[in-house]
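User: Could you walk me through a helix and its packing here? I'd like to begin with how the geometry is described.

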Amino acid sequence: MARHYVSFFLLVDIMGEPDALALCREHGGLPLYVAQTPERSSLAGLLSPVAIESLCAEFGGEEIQLPSSPLHRPPIKQRLAAMLEAKAPAVGKTDGH
């Protein structure tokens with residue numbers, strides 16, 4: 001089963017900051033299997049029902065890797081991939097002027 005790294009900022013987009021903080025506080029730095037349906041989720045009592053529904057809709061049936069802290073930066077490989085997708089200039093590259 002492939003594991004996807006999920007940044008704190010993506011968690012906030014999916015479920016809101018209070019639930020993202022609670023999830024990282026409880027499971028940060030660890031892999032977490034996301035149930036396919038909210039009814040089967042082990043996160044009841046930790047997250048709001050809306051947050052569980054949103055998480056299941058986004059990652060249901062998958063294992064995700066959570067950040068160990070809200071400010072944890074994604075691994076360099078993922079940061080570079082995101083930069084390439086956004087067509088961002090390389091760090092330290094000059095424009096020749």
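Analyst: Axes here are lines fitted to C-alpha atoms, for helices over the stretch in contact, and the angles run from 0 to 180 degrees between N-to-C directions. Please keep in mind that this is a predicted model.

User: OK, at what angle do H1 and H2 pack, and how far apart are their axes?

Analyst: The angle between H1 and H2 is about 130 degrees, and their axes lie 7 Å apart.

User: Is the crossing left-handed or right-handed, and which residues make the contact?

Analyst: H1 crosses H2 in a right-handed manner. On the H1 side the contact involves Phe8, Leu11, Val12 and Met15, while H2 contributes Glu17, Asp19, Ala20, Leu21, Leu23 and Cys24.

User: Switching to H1 itself, which of its residues are buried?

Analyst: In H1, which spans residues 8-15, the buried residues are Phe8, Leu11, Ile14 and Met15. They lie on the same side of H1, because they cover an arc of only 120 degrees around the axis.

User: What do those buried residues pack against, and what is on the face turned away?

Analyst: The buried residues of H1 pack against helix H2 (17-27) and also against helix H3 (49-59). Phe9 and Asp13, both exposed, sit on the face of H1 turned away from its buried side.

User: And what follows H1?

Analyst: Gly16 follows H1, and its phi is positive, near 95 degrees.

How values were computed. Residues numbered from 1 in each chain as written. Predicted model: local features only at pLDDT ≥ 70, side-chain atom pairs only at ≥ 80, totals over all residues. Heavy atoms only, no water. Buried < 20%, exposed > 50% of the residue type's maximum accessible area, 1.4 Å probe, protein only. Helix = DSSP H or I, 4+ residues; strand = E, 2+ residues; numbered from the N terminus. Arc of directions from axis to C-beta. Contact = heavy atoms within 4.5 Å. Left-handed = near helix turned anticlockwise from the far one by under 90°.
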